[in-house]
Amino acid sequence: MEYFSNRLVAEEANKNVNLSPYNKLIGEWIFEMKCFDENGNIEDESDGEWIFFYILDGTGIQDIFIWPRSNGGMDYYEQGECGTTIRMPRYDKSGKWDIVYASKWAVDHLIGEEVHGQIIQTGINKDKTDTTIWQWNFIDIQQNSFVWESIWSKDNGGSWHIATRVQASRK
């Protein structure tokens with residue numbers, strides 16, 4: 001297992017690969033999360049932890065998302081979320097990223113890009129008949145904090161609705 005871990009995790013970014021803007025997120029974070037119903041009312045609030053690190057010889061970035069905060073146990077498993085995201089920059093110089101999030105609930109595919117200092121990650125619908133646009137966006141990224149939002153639109157981006165908002169602080 002140690003051999004696998006040493007090959008997966010990298011100590012630093014590969015100098016031949018541009019990992020901006022995600023490299024700002026490398027490290028350990030704690031967060032407060034609010035989940036909203038379809039009318040925008042808060043239906044749940046709790047805290048969690050989010051860990052970002054370089055992977056695969058520093059050519060990509062992976063995270064582990066744990067909610068609610070586990071405090072070393074597996075108490076999040078029944079009701080919460082423990083998932084991982086792998087982000088790899090495209091080598092076509094487009095500045096876009098291919099993203100896969102996996103957890104017990106689902107596997108989601110997204111395309112990420114930096115837009116005006118924010119990281120916009122747009123979901124790729126599994127069902128071709130589903131016209132919902134959804135995004136998981138990192139906004140207000142500072143050295144020791146960031147905001148992440150999950151938003152969705154059913155009218156081609158005319159109006160957006162919030163599903164989740166995370167306020168994170170560097171550990």
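## A tour of strands, turns and charges

Start by selecting Gly112 and then look in β8 for its bridge partner, Gln121. What you have open is a predicted model, in which local features need pLDDT of at least 70 and side-chain atom pairs count only at pLDDT 80 or more, while totals for chains, interfaces and linings use all residues. Residues are numbered from 1 along each chain as its sequence is written, and side-chain values use heavy atoms, with hydrogens and water left out.

**Stop 1**

Now widen the selection to β7 and to β8, residues 118-123; they are antiparallel and share 6 bridges. Strands here are DSSP runs of E with at least two residues, numbered from the N terminus (helices would be runs of H or I with at least four). Two strands count as a pair if DSSP finds at least two bridges between them.

Click on Asp98 and look across to β7: the residue opposite is Ile111. If you follow the chain from β6 to β7, you pass through a hairpin of 4 residues.

**Stop 2: the turn at His116**

Which residue in the turn between β7 and β8 has a positive phi? Select His116: its phi is about 50 degrees, although it is not a glycine. The hairpin around it has 2 residues between the strands. His116 is exposed because its relative accessible area is 79%. In this tour, buried means under 20% relative accessible area, exposed means over 50%, and partly exposed lies in between. The areas come from the Shrake-Rupley method with a 1.4 Å probe, and for residues only the protein chains shown count as cover.

**Stop 3: Lys93, another positive phi**

Move to the loop between β5 (81-89) and β6, where you will find Lys93. Lys93 is not a glycine, yet its phi is positive, near 65 degrees. Is this residue buried or exposed? With a relative accessible area of 78%, Lys93 is exposed.

**Stop 4: salt bridges**

How many salt bridges does the structure hold? There are 6, where a salt bridge is a side-chain nitrogen of Lys or Arg within 4 Å of a carboxyl oxygen of Asp or Glu.

Go back to Asp98 and show Arg90 with it: their side chains meet in a salt bridge of 3.0 Å, N to O. Asp98 is partly exposed at 35% relative accessible area, and Arg90 is partly exposed at 30%.

Then select Lys126 and Asp108, whose closest N and O atoms are 3.3 Å apart in a salt bridge. Lys126 sits in the loop between β8 and β9 (133-139) and Asp108 in strand β7, so this pair ties together parts 18 residues apart in sequence. Lys126 is exposed at 58% relative accessibility, whereas Asp108 is buried at 12%.

The next pair to show is Lys24 and Glu114, in a salt bridge of 3.7 Å, N to O. Lys24 is partly exposed at 36%, and Glu114 is partly exposed at 37%.

**Stop 5: a cis peptide bond**

Stay in the loop between β1 (9-10) and β2 (27-36) and pick out Pro21. The peptide bond that joins Ser20 and Pro21 is cis, with omega about 10 degrees.

**Stop 6: a negative patch**

Finally, select Glu32, Glu43, Asp44, Glu45 and Asp47, which form a negative surface patch. Patch residues have over 30% relative accessible area and no salt bridge; like charges are joined within 9 Å, and nonpolar side chains (Val, Leu, Ile, Met, Phe, Trp, Tyr) within 5 Å. Asp and Glu count as negative, Lys and Arg as positive, and His and the chain ends are not counted. The place of a charge is taken as CG of Asp, CD of Glu, NZ of Lys or CZ of Arg.

Which strand gives the largest share of the patch? Strand β3 (residues 42-55) does, with 4 residues. Asp47 lies in that strand, and Asp47 is partly exposed at 35% relative accessibility.

Key: Buried < 20%, exposed > 50% of the residue type's maximum accessible area, 1.4 Å probe, protein only.
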